[in-house]
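Below is a brief report on the fold shown here. Keep the structure in view while reading.

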Amino acid sequence: MAKFPDTSITDRDFIENAELKANLLGLDSFLLWNVQLAVLYVRNKDHFSPIKTWNDSKGTINDRNVVEPKKNEWVKQLHIILKDLNEFFDMGTIKEKTFVESFKDSVIID
């Protein structure tokens with residue numbers, strides 16, 4: 001889930017909403033990103049735990065008004081996040097699940 005930087009990465013509603021969606025879709029992980037920070041959560045038995053945090057903006061993207069002017073900065077960070085996520089998939093730390101599989105296995109249909 002993505003938000004603007006004025007939503008804290010530790011905002012309880014932000015995290016709970018992502019957990020709810022991950023559970024409904026039968027996913028074992030989710031990523032929160034507020035342009036300034038990103039956190040990867042992975043299911044650990046019956047709850048999700050953060051296993052990786054990305055913070056390379058040096059705190060300069062701390063308001064929605066600077067998101068567009070600092071696009072080069074956050075796009076560069078996004079590429080790092082995607083590369084790291086790919087490594088997590090390769091290692092099996094997070095599991096691949098297609099969109100169709102998520103809906104087929106989800107409780108949304110029930």
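## Strand pairing

Strand β2 covers residues 38-44. β2 and β3 pair in the antiparallel sense, over seven bridges. Within this pairing, Y41 stands opposite P50 of β3. The coordinates come from a predicted model.

Strands of a sheet pair through backbone hydrogen bonds, and they do so either parallel or antiparallel.

## The sheet

The sheet is open and holds three strands, in the order β1-β2-β3. Its pairing is antiparallel. Which strands stand at the edges? They are β1 (29-33) and β3 (47-54). Each has a single partner strand, so one side of each is left without a neighbour in the sheet. From one strand to the next, the twist averages 25°.

## Helices on the sheet

Two helices lie across β1, β2 and β3. One is α1, residues 12-25, which runs at about 150° to β1. The other is α2, residues 71-91, which runs at about 130° to β3.

## The chain as a whole

The protein chain has three helices and three strands. Along the sequence, the pattern reads α-β-β-β-α-α.

How much of the chain counts as buried? The figure is 32% of the 110 residues. The accessible surface comes to about 7200 Å². Carbon and sulfur atoms account for 54% of that surface.

How values were computed: Residues are numbered from 1 along each chain as its sequence is written. This is a predicted model: local features need pLDDT of at least 70, side-chain atom pairs count only at pLDDT 80 or more; totals for chains, interfaces and linings use all residues. Side-chain values use heavy atoms; hydrogens and water are left out. Two strands pair if DSSP finds at least two bridges between them. Helices (H or I, at least four residues) and strands (E, at least two) are DSSP runs, numbered from the N terminus. Axes are lines fitted to C-alpha atoms, for helices over the stretch in contact, and angles run from 0 to 180 degrees between N-to-C directions. Contact means heavy atoms within 4.5 Å. Buried means under 20% relative accessible area, exposed over 50%, partly exposed in between (1.4 Å probe, protein chains only). Accessible areas come from the Shrake-Rupley method with a 1.4 Å probe; for residues, only the protein chains shown count as cover.
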